[in-house]
Each structure stands twice: as structure tokens, then as C-alpha cells.
Amino acid sequence: MHTLEREPAGTASGAGYCRDFTPGLLDPARKTPALVTGPNGKAADKRFNVYRNNVTVSLINALAAVYPAVMRITGEPFFRAMARFHVRETPPTSPLLFEYGRDFPDFIERYEYAQSMPWLADVARIERGWLDAYHAADAAALSPTELAAVPPDRLGDLVFEAHPATRILHSGYPAVTIFSVNRASDPVGPIETTVAESALVTRPMLEVEVRRLAPGVGLFLGGLMAGETMASAAAAAGEANADFDLAAAIRVMLEAGAFAAIRRGE
Amino acid sequence: MPVLAIHTQSRVSGDLRFPAHRIEGLAGTSFKHEHLSSILVDEEQNRGFFEVHAENYMGAGGAPHAALTRIREDHPVSLHGVCMSIGGPQPLDKTHLARFAALVERYEPQLVSEHLAWSTHSTTYYNDLLPLPYTEATLQRVAEHIDEVQEIIRRPLLLENPSTYLLFRESTMSETAFIREIVKRTGCGLLLDVNNVFVSATNHGFSALDYLADYPLDHVGEIHLAGHAAQEDDEGDLLLIDSHDGPVADAVWKLFEIVIGRCGPIPTLVEWDSAIPEWPVLKAEAKAAQAILDRHAAAFRRERLNAHA
């Protein structure tokens, strides 16, 4: 059967039930829709509330599953209250729940009660990157032998194709350190650093890996991911950071499996 | 990590073909990733099937696909969609439909099912199985949606009866009459969720046995069993919630035994989706279902022998 001509939802005969049913699902101030009932004329308020509860709680749970470190930092009651605001303001538009919560880090950034934790949104961005890496397409990581086979005088011209899982995130706060200690189950002691950090998220096989990058390395890898040649990315990183160590940066990117392939630049 | 070796090569070339495990007469469980390592070392677990929620495998790659590939090599698999929104008035999401069909093609599941419910309206996805009125108009739309799914997956879909908590004033037919007509119009099969029958019967004050008497049991290709939770409605009466967070209730086991007595040993799944227990607890529920299936399989074989004698 082929797709039939259809009237827009809500105008076709019998199609109004979704239009009338949905507004109350995410708005507790709304009354139970008039089109529903309990059996034999019984009331339907608590019955409709089952659906309201299923929708809201399951979406809060979905955010909790994506952002466990954020929840550990804030505590569960704080997290669920914050997530409830976000769910009502920005419900999902895709049936794939692992795609949900992409706007949550920005929401956290402007959430009134999270202003005392200015690094929290960046921790959330790393967690979002973690999940994207987890579901990214499979690909073999660039092997060190492949790179070693390139003659030294050609290295500068190389451009790199990122592995589908690779993400780089820059934070003005020690977000990678905060992320790492809160994704583990060990007790969290005081965090003694206040410096900016960059995260490298990769998944060379099936396990997602998150590394804190030395100053300059984030800039270098970001340049490579943007399609710059190795020489140009290294020069930019060296200019910004006198301590930038190119050999160490290459070692990290190979070990992390950040790239899938190399080719000669233009 | 080596346990989950992924066969990128064969997948890319489209060569990957799984064993044609038989699912007839088997009990199974929801497949949860946290159970994978226990399942792989469980020597006793060699018969059962596993059911997965299709949407959890709609990412591009990584651990979910590696785990499902591993499971599918050793076991029959049932692919259970939870958000096609077949019961909604708006056209099916073509992107989602294509993703669903791609999973059917890739994993060659023994069973493929979806729900008589809706979850998307306009552009919002509500992440719940929402109820629909049973009218001539919704019947026609649901039948069109099932036709569309079956055309793209090129096989019959099993449609699952919902748990519901309320009724629509505009409904003009019973759920069983609606389902019977859907089967007639589309040729789809049915996933009979016995827990859902019990939950809805309790919530709406009808007899579960009457429901089953009026339900087209001949078309059932799979059965679901699950645990439920209890609340109260506005009048303080019992309102059951399809929570999938505990063992199957005694009353549901009894109904299940009645259904199997009538239909024979149909593949039966124990669902457990929240407050997930250790693997042995879930496996024990499936073994209880398997014992009932085996007992009736023997009775059905005797009956057939007698009929031929």
C-alpha cells in the first residue's frame, strides 16, 4: 500500500485524540482531557496522571542515564528537579532516547540554581560526547605503523581523517578532572585544580576513553580534525603554547585512536 | 573486549548471515546489556530466546551492535519496536521506519513486533505507549500503518495489545473487536501480552477470560509476561500499572497456562525492564514459563498422535 493522502492531524475524522491528550502530559496545571473517562462513568484524573507520570519520569530517567556524573555532583533530588524543568521546556523530538538531552548542557548553563557550579555544563558536554562516541560508527583506528611508514619530509603535509567516535571539548574549568572522578564509583575528595582543561573522547574499539589533554594538544588535535595539515596545526599549537610537545601529542592521538586514516594534503 | 569482536568486514559486504535458530516452543527474556557476561558463561542457558527493543540498536555502531551480534549468533532473537506510533493519526516517521527495516534485515530476527499505541504527536516524542480510541476511523488508520510497516519489512508484524488506564468516550468498539478487524484487514500476527490483558481487565472492570474468549488466539505468534504494580484510582479502587519491574504475578501465570492450553506452546517472553535483577532471577522466570510450554507441548503431541490413530 502506498502513502495515502492524509489530512493534517487534528482535522481528520477521529484524529483529535492526540491533540486533546498531549497538552496535559507535560503541563501539570492542565485538567484531565474531556475525551477520556474511567469505566462506567468513573473519574479519570488519577488514570490520566499515570500517563503524565510515565512521560515525565521516563524522560527524567533518560537524562539521568545520559548524565550520571552531573547527577552525582548535584545529588539526585537537585538533578531530577533540574531535569524536570528541561523535560517540560524541551521534550524529545526523536524516538531515539540516546539522542535526547543535546540541549541539556546549555540549559544547565542558564539554570538559576546551578550558577554556583559554572563548570557543570562542561561536565555535561563531556558526558554527551561520551554517549555520542559510544554509539558512533565502527571504524579501525589509524595504526602507528601506517604513520611510521610516511617519510619524515612528508609528515608536515599530512591531513587526518577523524575516527567517527572522536570528540574534542574545551572547558575554561577543570571539567575533565571533575568528570573523571564523578564517573568512577570511588569517593570524591577535594579537587585541587582550577585550570582550564580540554577533553579528548575516543572509542578505538568498544570502550569509550576520555583523556585530559596537555595544553596545546587540544588545539593541535582540533586543528587536525578541522582538516589542517600536521605542520599548520602544530605551528598554531606551538604559537599558543610554548610548552607544546609535538612528539607527545602524536603519541597521545595514536594511543587514543583519535583518527581513522591519513592522506597527503593539497 | 575480544569477546565482543565485531565483524566489520562481513557487515560492510553484506555477507553476515546468522544461524536460523528455531524459536518454536521456547521461552525467552528481555536482553539487558548488564547480563551479557553472565549469559555468555551460563552453560545451562542454551535454549532460550532474547528480545530487544529495536530503538536501542538504532545507533551507528559500538557496544550495542557488538552485543546483539554476539547474542544473535547463539540464540533466536525477537525484535520489539516500542515507538513506531502505529496508533497515532499522523503518517509514520519514514526515517524511523527505514531504521526499523534495516534492523530486521541486519539481524534476521525470528519475531518482529510493535504496539497498538502511539507515542509521537506533531514533532514531540512522549516516550510512553499512549492509548487510542477504538473507532472506524482509527481502525482504518492503524490498518494503513500496519500495511506500510509490513510492506517495508516484507514480513508479518506481530501487534501487541496495550495496558490501558483510561477509556475514550468516542470508542465504538471493544479492543478485541478492533484487534480482530485489524488482523482481518492486514494479515498481521499478534503478540498477546497476558499481563496487559490482566492489567486492563482490572483497571476497566472486565473479565480477562471474556477478553481471551473474544480475542483471535489463532493469530498469536508470541506471548509476553511481565510484572505489574498497584495504585488506586480516583474512587480508591485498584489501578494496576504495567511496570515491568518485578516477577510475573500468580494470576498472570494462571491466565498464561489457560492460553497455552488452548494455543499450544507459543514463544513466550518474560519482560523485565526496570529494577532489573541479576541474571539468575530473570532466567528463573523464563524457566518457569518454559516448564509450562514443555508440559503443554507434550500434551499437544499426544493429542496429535491420538487424532491420527
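How many bridges join strand S1 (residues 27–30) of chain B to strand S2 (residues 49–53) of chain B? Three bridges join S1(B) to S2(B), and the two strands run parallel. This is a predicted model, in which local features need pLDDT of at least 70 and side-chain atom pairs count only at pLDDT 80 or more, while totals for chains, interfaces and linings use all residues. Residues are numbered from 1 along each chain as its sequence is written, and chains are lettered from A and ligands numbered from 1 in the order in which they are written.

**The barrel of chain B**
- Helices (H or I, at least four residues) and strands (E, at least two) are DSSP runs, numbered from the N terminus, and two strands pair if DSSP finds at least two bridges between them.
- In chain B, a closed barrel of eight strands runs S1-S2-S3-S4-S7-S9-S10-S13, with parallel pairing.
- From one strand to the next, the twist averages 25°.

**Where the chains meet**
- The contact (C-beta atoms, placed from the backbone, within 7 Å) takes 52 residues from chain A and 53 residues from chain B.
- Several elements of chain B each supply at least two residues of the side that touches chain A, including helix H3 (63–74) and helix H5 (136–153).
- Strand S1 (residues 36–37) of chain A pairs with S8(B) in the antiparallel sense over two bridges.
- Thr37(A) has Leu167(B) as its bridge partner in S8(B).

**Two crossing helices in chain A**
- Helix H2 (residues 45–66) and helix H4 (residues 76–89) of chain A pack at an angle of about 115°, with their axes 9 Å apart; axes are lines fitted to C-alpha atoms, for helices over the stretch in contact, and angles run from 0 to 180 degrees between N-to-C directions.
- H2(A) is therefore roughly perpendicular (65 to 115 degrees) to H4(A).
- Residues making this contact include Leu59(A) and Leu63(A) of H2(A), together with Phe79(A) and Val87(A) of H4(A).

**A covered helix in chain A**
- Helix H9 (residues 217–225) of chain A is mostly covered, with seven of its nine residues buried; buried means that 20 or more other C-beta atoms, placed from the backbone, lie within 10 Å of the residue's own.
- Among the buried residues of H9(A) are Phe220(A) and Leu224(A).
- The cover over them includes helix H10 (230–240) and helix H11 (246–256) of chain A.
- Gly227(A) follows H9(A) and has a positive phi, near 100°.

Notes:
Two residues are in contact if their C-beta atoms, placed from the backbone, lie within 7 Å. Angles under 35 degrees count as roughly parallel, over 145 as roughly antiparallel, 65 to 115 as roughly perpendicular and the rest as oblique. A residue is buried if 20 or more other C-beta atoms lie within 10 Å of its own, exposed if 12 or fewer, and partly exposed in between; C-beta atoms are placed from the backbone.
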